[in-house]
Every structure is written in structure tokens, then in C-alpha cells.
Amino acid sequence: NMDEHEDECVTCGSAFDHFAESEELFSIIDALPLSCKDLSTRESSQQRFVAIIDKYQEQPHLIDPYLGSFINKLFTIALSEDVQPVAMHEAFKYLHRLSKFRGPKFIVRKFSHEVTDLHLVLALLQQQNKGDRETWETRYVLLLWLSFLVIIPFDLNLMDGTSQKRTVDCILELAETYLQVFDKAQDAAAYLVAKFMCRPDIQKTRLKPFLDWALEVMTSTDSTVLMAVFGHA
């Protein structure tokens with residue numbers, strides 16, 4: 001459930017008046033491309049990152065003054081042209097941790113939301129291996145980002161380039177693909193569909209075919225597909 005972490009609080013027994021470890025988190029993020037090359041360093045850095053933010057579970061809003069900068073730095077690493085795959089996936093693991101900590105609906109508003117981001121996210125998703133159990137956070141965050149981009153009020157037809165496949169078809173194919181996986185990416189895909197189907201232009205032409213597809217999938221395989229979508233409607 002995308003809402004499960006929105007307002008979750010864990011009693012810590014003490015209150016803080018500010019987020020004290022911002023500089024340490026910046027250092028961990030800045031060092032990520034190098035630290036992730038060694039397994040033990042990568043694991044210890046991630047554990048320290050998680051330990052710091054978990055300390056503020058009772059007061060997650062204290063991270064907000066720095067959240068946008070953390071996110072921007074992580075996306076800069078993940079989307080760099082010369083980034084190593086291990087560093088890209090590690091950056092997305094950190095982004096997922098921030099999403100889990102602060103709530104996906106809150107954090108996604110800090111993501112870049114330019115129209116040109118749409119094709120970038122679609123291309124990245126199409127490159128992912130949906131069966132890789134070690135990189136599901138990457139697919140989760142990309143689907144979450146896509147769910148925010150598709151509600152921008154612009155004509156999706158204008159995004160169609162010279163490729164044979166229309167942008168709308170690409171979005172729906174990815175959503176349908178990840179609705180049928182059995183990791184957290186399914187939850188993000190359901191949220192994506194719920195948002196995408198709120199567009200009046202999509203409702204008119206794509207809602208009925210999608211529901212027909214979902215009912216067919218439910219009948220033949222797993223009944224969680226429609227329930228996942230309607231859970232976010």
C-alpha cells in the first residue's frame with residue numbers, strides 16, 4: 001500500500017529539534033560511486049544511511065529542508081551517462097529508502113517533473129530486468145516517478161516521436177508488465193495505473209480495454225491485479 005508509510009510513526013523515546021546528520025548523509029551520497037565498488041563498504045554505507053534516517057522515524061519532517069538536495073544528488077548519480085550499473089542501482093536503493101521513510105506520495109513531489117523526463121523514465125524502465133531480485137528498488141522508484149509524470153497536463157500525443165510505438169502504449173505496457181510481478185514494483189505499477197486512468201483523455205480511450213485486460217488476467221492467473229489498482233483509486 002502506497003499510503004502505509006505516509007504518517008507512520010515509531011516511538012523513539014526522545015524528540016529532536018533538527019536533522020543533525022545532514023552533512024554526513026551528503027558525504028555518504030557523494031561517496032556512493034566509489035564506495036559501492038567494494039561490497040563491504042557499500043553495505044556499511046547503506047546501513048549507516050538507514051540508521052540515520054530511522055533515528056527520525058517519529059519526526060520525519062525534520063529531513064524536509066534537505067530532502068530535495070538528497071534526491072537531486074542521488075538522481076545525478078543514477079542518471080549519469082558514465083555511471084556503473086552497481087552505482088545506479090545503489091542510488092535507487094537510497095531513493096527507495098527515502099521514499100519508505102518520508103512516504104512515496106510526499107517524496108515523488110520532489111522529483112524532477114519536466115515533460116522531457118517522460119521518455120527518459122520510459123527508456124530506463126524498458127532497460128530493466130524485471131526478474132532481478134537485487135534491483136527491484138530501481139524499478140519501484142522509476143514507476144513511482146512515472147506515476148507523477150503522467151498526470152502533468154500535456155498532450156501525450158505530442159510526445160510521440162519517430163518510433164513505431166506510441167507513448168501511451170509504452171506506458172500501459174510497462175504498467176501491465178509490472179502489475180504481474182511479485183515484488184514492490186507491483187505496488188508502484190498499480191499506483192501508476194490509478195493515476196494514469198484519472199486523465200480524461202486516457203479514460204475515454206484506454207480505461208475499458210485496460211479493465212478487459214485486467215479481468216482476463218484475474219481469471220487466468222492472479223486476482224491481485226485489479227485489487228492493487230483499485231486500492232489506489
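**Ground rules.** Residues are numbered from 1 along each chain as its sequence is written, and side-chain values use heavy atoms, without hydrogens and water. In this predicted model, local features need pLDDT of at least 70 and side-chain atom pairs count only at pLDDT 80 or more, while totals for chains, interfaces and linings use all residues.

**Helix pair.** I looked up helix 1 (residues 22–30) and helix 4 (residues 64–78); helices are DSSP runs of H or I, at least four residues, numbered from the N terminus. Their axes come within 10 Å and cross at roughly 10°. Axes here are lines fitted to C-alpha atoms over the stretch in contact, with angles from 0 to 180 degrees between N-to-C directions. So helix 1 is roughly parallel to helix 4 (angles under 35 degrees count as that). I then checked who touches whom, contact being heavy atoms within 4.5 Å. Helix 1 brings Ser22, Leu25, Phe26, Ile29 and Asp30, and helix 4 brings Tyr66, Ser69, Phe70, Lys73, Leu74 and Ile77. I sorted this contact into seven nonpolar, two polar and two charged residues. Nonpolar covers Ala, Val, Leu, Ile, Met, Phe, Trp, Tyr, Cys and Pro, charged covers Asp, Glu, Lys and Arg, and polar is the others, Gly among them.

**Glu21.** I found Glu21 in the segment before helix 1. Glu21 counts as buried because its relative accessibility is 11% (the cut-off is under 20% relative accessible area, with a 1.4 Å probe and protein chains only). Leaving aside neighbours within four places in sequence, Glu21 is in contact with Ile52, Lys55 and Tyr56.

How values were computed. Helix = DSSP H or I, 4+ residues; strand = E, 2+ residues; numbered from the N terminus. Parallel < 35°, antiparallel > 145°, perpendicular 65-115°, else oblique. Buried < 20%, exposed > 50% of the residue type's maximum accessible area, 1.4 Å probe, protein only.
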